[in-house]
Amino acid sequence: MTLTELLKKDFVYLDGGFGTMLQSLGMKPGENPVLLNITDPDMVKKVISLYVDAGSDIVCANTFGCNSYKLSGTGYTPEDIIPLALSHAKECAGSKALVALDVSPIGKLCEPNGTMTFEEAYEYYREQILCADESDIIYFATQTDLYELKAGVLAARENCDKPIICSMTFEKNGRTFTGCDPASMVTTLEGLGVSAIGLNCSLGPKDLKEVVREISRYCSLPIIVKPNAGLPDPVTNSYSISAADFAEEMAEMIPLGAKIVGGCCGTTPEYIKELKKRFERERYCKNSPQKNSAVCSYSKTVFISSPKIIGERINPTGKKRFKEALLQGDIDYILSQAIEQASAGADILDVNVGLPGVDEKAMMVKVIKAIQSITELPLQIDSTNPEVLEAALRVYNGKPIVNSVNGEEKSLASVLPIVKKYGAAVVGLTLDENGIPKKSHDRFNIAKKILNRANTLGIPKEDIYIDCLTLTASAEQDGVMETLNALKRVKDELGLKTVLGVSNISFGLPNRPLVNQNFLTMALTHGLDLPIINPNIEGMSGAVRAFNLLRGYDKNSKEFIAAYSNTDTPALSSNSNDISLSYAVLNGLKSEAKDITKNMLLSREPLDIVNEELIPVLDKAGEEFEKGKIFLPQLILAASGAQACFEVIKNTLSRSDQTSVSKGRIILATVKGDIHDIGKNIVKVILQNYGYDVIDLGKDVAPELIVQTAVDENIKLVGLSALMTTTLNAMEETIKQLKAKKPDTIVWVGGAVLTPEYAKMIGADYYTKDAKESVDLAKKIFGC
Amino acid sequence: MDLNGITSINKREAFRYMGFKKSEPNERFLLLADRCEKMVLDAAKPKLIFKVFDILSRDDKIILSNTKLCLPGHNIKNLLKDSNRCCVFAATLGVSVDALIRRLEVEDITLGFIADNLASALIEQVCDKTEDVIKESLDNATLTPRFSCGYGDLPLSLQGDFLSALDAQSKIGLTVTDTLIMMPRKSVTAVLGIK
């Protein structure tokens, strides 16, 4: 028997609660259930046999939580337990049931919410999968983090050929603890090629009904429903729903497409018997969701049912400041571009980090991880290099768009298979070995070729977005309508979504914004779904909003009104004409500070502004802070204001190729094991205000990385932060390694648990108690 | 648990955490704090879990029924001296608050700083609320003040045992790192004596 054969039945029955059954059979509180496979195999077999007898078609082996993280300290490894647990389960199941490897979350939070990296999560899962030869199914259960689950599914797909089924655990609000919603779960997992998707644990059936309904709206795979027997009483620990009521409530899931059913905490073999009895009176109602074009992050799905904006700003082409940021590894600047576009109304962000002198693959992975940690907008991965695309597709948390494949054989052969493997959507450029065809007819044919090739690989047409390519109107005026006509045909005749970079149209012409905006509207009326634009230009995002309103996509003009009514934003700014730079900086009035700086730049040198205006203001704030006249919050506020001025000055400098402001380069990091980084970030901003270049290595940083960076970049001054007594060892270790490998490094430390004495003891050269002292130290070291 | 009943954050407390000492935050700061307050309240998805245990013995350390968790030290012994039962709870604002603070830190360090401190004040309010919920479920029994590991002589290294005793990872998504930092960040575990 296989899962595929089982799925031919109306319903497939899973087992019920495992942990709660072991408890009722005498497992002691605090005992690790998976160790019972060794210490009390009879108890384990009893639970499984009871479920087999109750009619479960699939039983879980007692492997939930059997990963090397959760086993640490027990003296056992997954290899010691998993094969044994599977053989116990096999022995009980015989030919009556299939045996699933029950795979739990690892037990620590994955980045960006926690310290476990995606790659580490993959390794923990891989280790379990490699022991699971005897299982029939890999079942990822009780998962709450889509990212961790993706690591697990990839580990299973790449290390065995067994069917994979997944169920996540949702709260009453329809989200998992890490914010994943049913649409994003389904959109991501269907693409990764699993066999069934659903939910388990957390609540009783009634409370999860709406979540199941939501899953069934999007999911074309069999749906798993495995809830608890209600909620446990915090005093008596007993669950609230009887077996008969459970079965009755579960029956309400049938019209929603429930197919693979069972129980979780608090349910027993009796519940499975009742469930089966009740379900045998019914037939399976296959869910038939609408076929959507959709992409998603871990928490937000964007349905391309009306035009959506792809923000183009994360791209170094033609942007000196962006190039500079890439070369210096200034991730904060890149993130600020993401945030700015998100607040301007972008629905999806294009990410391109290709630049000579930059390791594109490493940078892409770093940037994708950083961007998805601060925005929930889905991303479009933009590279010409398939290796870069694959690396990005692996670490992306959701279903992204790949930008792009084209009609060239080489491109089709290298890009489409990875699009399929990771379940992404893909942009197809209508060009091939012969370049961009002049005529719309030929571009249409390339689109068709891309569609056919994608189809043969099993990529659905909903996931193919065709770019008919914008040529510049000044050079090829006739080409404008060729592009639009091709777009219309692709949309009407092939039924594919369309995407188009818009800004290129006006290259070489005066009043580019006017041309861009009109071309955008023309393209939208020809059927453009995904304009790639600069959303920060109001005329562009506004044109899309207005189109959606006029075309009737924006029902009751809701989004349009929300974007322009602006009633509930409190006025944070005052008129920048009548305030001084000092006032703007000290009050953190960023846009005023920017305006004043821009005005000053008309008549003064950038560096003069820094030295004669900005730094005196900061010095004054620092002095008052030292004297206790102002406090940390005001100092930070001033730092924010100064940061805004600095950004303007940096932009000016990089445009005019002038020397940078840098007075010295400094590494900052929160040490390994510590994740408190707000203090370090405050120090960073203030150091930057004074004109120091800060290489921010982030939080939870391994000593080796700090040392390597100091050596590679020849850094003189390194600042380390720690806030926990438990992470001071890591600080000491980092200093030791730094001093050994680069003895001339000066190390200073800070953080709540440190004292000057302790700093000395662990070998630091300096201790600073706050950001102000850190600046004083930098001045002393660099002499300016 | 939703934020039922908590419609504002105790900003005075948050300002104290921020380091305002003698001075009052100015109007500009108050405006930013209002903006952040709204964002923090929107992002917070408070969850709590608690369990009641009988105190079985209190010789060397406090031994509880139905759990591996035991509580060493004088402070806890003193706290529980009039109790036959105690309640262990965990509360968290969830990862979405961490995500908000992460984003704000990049957008504007001041906003990140304010939101971070507001969230710290909010989790305390959630704990107060949790105590009310516990009290109610125990027929209004009298409770001692809450006490957390890391306070006094109750070792921080018990954090993992606290979470396991409550099955806090699967019930409310709360974990602890090897270096004993709770994730999500804005979380509290504590024990209360029941008199």
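**Exercise 1. Work out the strand order of the open sheet in chain A, and find its edges.**

Step 1: The sheet has 5 strands, ordered β20-β19-β21-β22-β23 in chain A, and their pairing is parallel. (A strand is a DSSP run of E with at least two residues, a helix a run of H or I with at least four, both numbered from the N terminus; strands pair if DSSP finds at least two bridges between them.)

Step 2: β20 (693–696) and β23 (766–767) of chain A each have a single partner strand, so they stand at the edges with one side lacking a neighbour in the sheet.

Step 3: Zoom in on β19 (residues 665–670) of chain A: 4 bridges tie it to β20(A), and the two run parallel. Here A:R665 sits opposite A:D693 in β20(A).

This is a predicted model, where local features need pLDDT of at least 70, side-chain atom pairs count only at pLDDT 80 or more, and totals for chains, interfaces and linings use all residues. Residues are numbered from 1 along each chain as its sequence is written, while chains are lettered from A and ligands numbered from 1 in the order in which they are written.

**Exercise 2. Describe the side of chain A that touches chain B.**

Step 1: Count the residues: chain A gives 47 and chain B gives 45. (Contact means C-beta atoms, placed from the backbone, within 7 Å.)

Step 2: Look for helices. α13 (331–344), α14 (360–374), α25 (632–655) and α26 (678–689) of chain A each supply at least two residues of this side. The largest share, 6 residues, comes from α25(A).

Technical notes. Two residues are in contact if their C-beta atoms, placed from the backbone, lie within 7 Å.
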